[in-house]
Amino acid sequence: VQLQASGGGLVQAGGSLRLSCAASGRTVISNFVMGWFRQAPGKEREWVAHLRWRGGLTAYADSVKGRFTISRENAKNTVYLQMDDVKPEDTAVYYCAVNSGSRPLVWSREENGYDSWGQGTLVTVSS
C-alpha cells in the first residue's frame, strides 16, 4: 500500500487545517487501521490518532482530543485529519500510516503497529 499525505501548511493559532492521506496500490479493506503520527523539531515521532476501517472506531492522543478528528472516505480510500483550534505546539511533520493487517491491533498507538508510511506533510502553527 502506498500512502500520499497532503494538506499541510502555515496556519495561525486557533485556526483549522485538514490533512488528507490517500491510499493506493491496494484497495483498503475492512481490517485496515489508518493512523496519524507527528514529529516536532527535536522530538521523537508520536502517535496522534487512528481509525479502524471496519466500524470506524477512533482513538486520539490526549493532547489533541476534542480538537482533532480523524475520518475516512471509503470511495476514495482516503483518511483525513481535521485539525481545529490548532496550537503552536501542534507544529510538526505529520505522517499517515497503515496497518494492512500484518500487525496486532493492540499496537495501534505505536509506530511498530504500522507497515506502510506516507512521506509526511509539514504543519506550522504561528502564534
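This is a predicted model: local features need pLDDT of at least 70, side-chain atom pairs count only at pLDDT 80 or more; totals for chains, interfaces and linings use all residues.

Trainee: Where is Thr-69, and what does it touch?

Mentor: Thr-69 sits in strand E7. Setting aside residues up to four places away in sequence, Thr-69 touches Tyr-60, Tyr-80, Leu-81 and Gln-82.

Trainee: And how far is Thr-69 from Trp-36?

Mentor: Their C-alpha atoms are separated by 11 Å, while along the chain the two residues are 33 apart.

Trainee: Let's zoom out. How many helices and strands does the chain have?

Mentor: There are 0 helices and 11 strands. Following the sequence, the pattern reads β-β-β-β-β-β-β-β-β-β-β.

Trainee: How does the radius of gyration look against the globule rule?

Mentor: The radius of gyration is 14 Å, close to the 14 Å that the rule gives for 127 residues, so the chain is as compact as a globular protein of that length. Along the principal axes, the C-alpha trace spans about 40 × 25 × 25 Å.

Trainee: What share of the residues is buried?

Mentor: Of the 127 residues, 45% count as buried. The accessible surface of the chain is about 6,300 Å², and 46% of that belongs to carbon and sulfur atoms.

Trainee: What about contacts between residues at least 24 apart?

Mentor: If you take contacts between residues at least 6 apart in sequence, 55% of them join residues at least 24 apart.

Trainee: Switching to cysteines, how many disulfides are there, and which residues form a disulfide?

Mentor: The structure has 1 disulfide. Cys-21 and Cys-96 form it, with their sulfur atoms 2.1 Å apart. The pair links distant parts of the chain: Cys-21 is in strand E3 (residues 17-24) and Cys-96 is in strand E9 (residues 92-99), 75 residues apart.

Trainee: Are those two cysteines buried or exposed? And why is the disulfide called right-handed?

Mentor: Both Cys-21 and Cys-96 are buried. As for the handedness, the torsion about their S-S bond is about 70 degrees, so the disulfide is right-handed.

Trainee: New topic, backbone angles. Which residues have a positive phi although they are not glycine?

Mentor: Asn-77 is one, with a phi of about 50 degrees, and Asp-85 is another, also with a positive phi of about 50 degrees.

Trainee: Where do they sit, and is each one buried or partly exposed?

Mentor: Asn-77 lies in the loop between strand E7 (68-73) and strand E8 (78-83). Its relative accessible area is 17%, so Asn-77 counts as buried. Asp-85 is in the loop between E8 and E9, and its 42% relative accessible area makes Asp-85 partly exposed.

Trainee: One more residue: what can you tell me about Ser-30?

Mentor: Ser-30 is in the loop between E3 and strand E4 (33-39), and it is partly exposed at 36% relative accessibility. Leaving out neighbours within four places in sequence, Ser-30 is in contact with Trp-53 and Arg-54. The C-alpha atoms of Ser-30 and Gly-56 are 9.5 Å apart, with the two residues 26 apart along the chain.

Trainee: Last one, on charges: how many positive and negative ones are there?

Mentor: The chain has 14 positive and 11 negative charges, and their mean positions are 7 Å apart.

Notes
Residues are numbered from 1 along each chain as its sequence is written. Side-chain values use heavy atoms; hydrogens and water are left out. A disulfide is a pair of cysteine sulfur atoms within 2.5 Å. Helices (H or I, at least four residues) and strands (E, at least two) are DSSP runs, numbered from the N terminus. Buried means under 20% relative accessible area, exposed over 50%, partly exposed in between (1.4 Å probe, protein chains only). The radius of gyration is taken over C-alpha atoms; the globule rule is 2.2 Å times the number of residues to the power 0.38. Contact means heavy atoms within 4.5 Å. Accessible areas come from the Shrake-Rupley method with a 1.4 Å probe; for residues, only the protein chains shown count as cover. Lys and Arg count as positive and Asp and Glu as negative; His and the chain ends are not counted. The place of a charge is taken as NZ of Lys, CZ of Arg, CG of Asp or CD of Glu.
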